[in-house]
Every structure is written in structure tokens, then in C-alpha cells.
Amino acid sequence: MKLPIYMDYNATTPMDPRVLEAMLPYYREHFGNPASSHPFGREALNAVAKARQALADLLGVLPEELIFTSGATEADNMAVFGTAFGFQAKGLHLITQKTEHPAVLEPFRILEAEGFEVTYLPVDGYGRVDPAHVEQAITPRTTLISIMHAHNEIGTLQPIIEIGRIAREKGVVFHTDAAQSFGKVPFPLGRWPVDLASITAHKLYGPKGIGALYVRGEGLRAKLKPLHHGGGQELGLRPGTLNVPGIVGLAAAAELATAELQEESGRLKGLRQKLHQGLLHYTDGIRLNGHPEERLPGNLHVSFSGVDAHLLLGHVPEVAVSTGSACHSGASFISPVLEALGVPREWAPGSVRFGLGRFSTEEEVEFTAHKFGRTLKNLIPGK
Ligand SMILES: Cc1ncc(COP(=O)(O)O)c(C=O)c1O
């Protein structure tokens with residue numbers, strides 16, 4: 001077993017070597033600009049068309065409904081600003097929820113400053129939005145609902161199909177940030193009542209800096225206001241020379257993740273449960289955050305009582321994980337996500353996110369449970 005152990009797969013994933021292999025020719029011999037009409041350009045253009053079709057087939061959508069971006073942040077910004085400004089003649093009311101990723105929350109904050117009205121829905125103790133709250137919040141002036149699919153910290157899955165149905169019934173555009181879920185849970189996007197969806201390659205063993213925004217249908221595409229202006233690429237919605245190796249990598253990563261999803265999600269769920277049980281073996285001062293079932297298979301987010309996560313992690317340098325609280329100049333602040341969930345103040349500082357993934361092993365999980373367990377016992381005598 002190699003140390004340190006990487007157990008932060010929600011932050012990013014290592015590239016799968018098969019994805020890198022698929023990309024390399026597009027850095028080397030097929031380096032052309034897809035906008036060029038000579039053979040170098042045509043080679044690149046064909047690769048982009050093939051990748052777009054492959055990705056569209058996996059999602060059950062049309063290739064022209066996928067707009068390649070630099071990742072989920074850009075896709076989220078395009079969805080939120082593009083819809084808010086594109087539909088402002090209808091109204092200025094927008095709906096989201098409190099624990100969205102900053103890539104969604106920040107655009108909403110900016111829109112508020114520009115005169116839009118934003119409803120930030122609460123979540124329950126598991127981090128889930130109640131679809132009934134969504135329905136109650138809709139007004140005749142509502143133009144957009146944005147609710148993420150899977151949470152980046154706590155792994156909770158939102159009831160996006162129910163929310164999408166309500167949005168459709170009321171004629172409101174529905175966006176979901178699927179950065180964490182695509183490739184990890186079944187994602188038949190074309191069959192779901194979703195109008196806009198953000199995905200990114202680096203959470204599914206692909207390269208960083210490439211993602212896509214799904215935009216359902218020509219009508220919505222025509223109304224979305226672009227963020228960038230330039231050479232007209234991506235149907236004018238996202239101009240700029242295409243990242244050909246990245247696009248090839250995104251499609252290759254998505255194909256692998258989809259093909260292996262069923263087996264891999266079962267394996268990861270098993271590893272997650274083993275890790276949870278392993279930690280419980282050492283201490284019962286542990287609280288699971290997020291939904292026990294409706295969550296990403298590889299995400300285990302817990303709070304340990306009576307210990308600060310930064311101190312704890314300092315004693316376990318062999319395992320790379322994330323804390324649930326940000327540490328600024330020595331002082332710990334409780335994550336707004338845990339606050340929204342109602343995690344008690346005495347638990348929140350001891351929060352740790354374990355993210356398991358494709359290259360995680362049983363041996364790593366056993367080592368991690370043992371190491372954290374022993375460290376907790378030493379830090380909190382009497383546990
Ligand atoms: C839920 C969610 N949305 C958006 C992002 C941003 O994605 P990207 O790094 O591709 O811009 C992330 C990744 O950190 C995420 O987890």
C-alpha cells in the first residue's frame with residue numbers, strides 16, 4: 001500500500017490512465033483547431049463531433065444540446081446568469097437552496113445585487129430540499145429553479161425528478177448542478193424533467209478544466225444569454241477555441257464511468273460501510289452527516305465529538321481527506337452547509353469528509369479506520 005492514501009475523491013479524482021491514452025493523440029499529432037478547414041482542423045472537428053455524440057448517447061440527449069465549457073463552475077454561471085437575463089422580461093424571481101456549491105450561490109448573490117429576488121430554500125437534517133417548498137415558492141414571476149443533484153460535502157442526493165416535474169408543470173426553467181453525481185449514480189438525463197445540467201470531467205477520472213452545460217431544446221438555447229462573446233463556437237453560447245483533448249477526455253471518462261457504474265457503485269458503498277463500521281469500532285462519538293441511503297456511494301461525511309478536525313487531521317498525515325470546517329488564521333468556522341443541516345455546534349468542528357473512489361482499496365479503508373480510531377482514542381482519553 002502506498003502512502004499517503006488519497007481519500008478526497010469529492011474534491012477531484014486522479015485521471016484514469018485509459019482516459020489519458022485517449023487524449024494524448026490530440027496533444028500530439030491531431031493538434032488542429034476544429035475551426036480550420038484543412039485536414040488538421042477536420043481531424044480535430046471529427047474528434048469533437050464523435051465525443052459530443054458519445055456523451056449525448058450516454059445521457060440520452062441530442063449532441064447539439066451539449067455546450068462544452070471549462071468545467072462545472074462555468075456551466076453553473078452560464079445556466080444561472082443565462083436564464084436570469086434571458087427570461088427577465090417574464091420576471092426577476094429565482095429559486096435555489098441554501099447548501100448549493102459557490103459556483104451556483106455566488107451568481108445568485110450577484111443577481112440579487114442587480115435587483116433580482118432570490119428565494120434560498122432551507123434543507124432538512126439530511127440536507128434535502130422538500131419539493132413542496134419548491135412548489136410554494138414559485139410565483140408567476142419565477143424564471144429559474146436551481147437545485148443540485150448531489151452535494152459536494154455531505155453527498156446527499158436531492159429529489160430532482162420531483163422538483164423537475166413541479167418546475168415543468170409551472171413552466172419554470174429547472175437547472176441542476178450534477179458535477180458530483182454524473183458517472184457515480186445512474187443519470188438518464190434525457191428522460192428526466194431537467195432543462196439545464198452542469199457536468200465536469202475531473203470528478204469522474206477525466207481531466208481538469210473541461211465540462212459541459214446541457215441545454216434542453218432549441219427554444220431554451222435561443223433564449224439563454226451568453227456570458228462570452230467571440231467567434232461563435234458552441235452555437236454562439238460559449239465561443240473560444242475548443243479544448244479538443246479535454247473534450248475527448250470528458251467523453252472517454254464518461255463512457256468508462258457509465259460502463260463500470262453498477263459494479264463500482266456497489267463496491268464503493270461496501271467500502272464506505274466498512275469505513276463507517278471501522279470508525280464506530282473505536283468510538284461511538286461519531287455522527288453521520290447527510291442522508292444514510294440517498295447519498296453518493298463513495299462519500300462518508302462524519303462529525304467526531306469533542307475534537308477539532310484540523311487537530312485530528314494533523315495527527316493523520318498518511319490520509320488525505322477534507323474537513324467540514326474552514327480554518328482561517330487559526331480560528332475554526334463552521335461550514336455553512338453543516339449549519340444549514342442543523343449539525344449541533346459541539347459536533348461541527350470535528351467534521352471530516354472521506355471520499356472513496358475508483359482506486360480506493362479495502363486495505364486503505366482498514367488502515368484509515370484504524371489510524372483515525374487510534375488517534376481519536378489518544379486525543380480524547382476515555383473514548
Ligand atoms: C457540486 C459542484 N459544483 C461545481 C463544482 C465546480 O466544478 P469545476 O471545478 O469543474 O469548476 C464542483 C467542484 O468543486 C462541485 O462539487
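Colleague: Which helices each supply at least two residues of the lining of the largest pocket?

Modeller: Helix H4 (102–113) and helix H10 (336–341) do. Helices here are DSSP runs of H or I with at least four residues, strands are runs of E with at least two, and both are numbered from the N terminus. A pocket is an open set of points on a 1 Å grid over the protein atoms alone, where a 1.4 Å probe fits, with protein on both sides within 12 Å along at least five of seven lines; lining residues have an atom within 4 Å of a point.

Colleague: Before we go on, what sort of model is this?

Modeller: This is a predicted model, where local features need pLDDT of at least 70 and side-chain atom pairs count only at pLDDT 80 or more, while totals for chains, interfaces and linings use all residues. Residues are numbered from 1 along each chain as its sequence is written, and side-chain values use heavy atoms, with hydrogens and water left out.

Colleague: Back to the pocket. Which helix gives the most to its lining?

Modeller: H4, with four residues. The lining has 13 residues, and those nearest the centre are Glu100, Pro102, Leu105, Pro336 and Val337.

Colleague: How many of the lining residues are charged?

Modeller: Five are charged, next to four nonpolar and four polar. Asp, Glu, Lys and Arg count as charged; Ala, Val, Leu, Ile, Met, Phe, Trp, Tyr, Cys and Pro as nonpolar; the others, Gly among them, as polar.

Colleague: How far is threonine 200 from an oxygen atom of the ligand?

Modeller: A polar side-chain atom of threonine 200 lies 2.6 Å from one. For glutamine 180, also through a polar side-chain atom, the distance to a ligand oxygen is 2.8 Å. With alanine 72 a backbone N or O atom lies 2.9 Å from a ligand oxygen.

Colleague: Last topic, the open sheet. In what order do the four strands come?

Modeller: E9-E10-E15-E12, with antiparallel pairing; two strands pair if DSSP finds at least two bridges between them.

Colleague: What is the bridge partner of serine 322 in E15?

Modeller: Arginine 353.

Technical notes:
A polar contact is a pair of N or O atoms within 3.5 Å; within protein, one must be able to donate a hydrogen and the other to accept it, and residues adjacent in sequence count only if both atoms are side-chain atoms.
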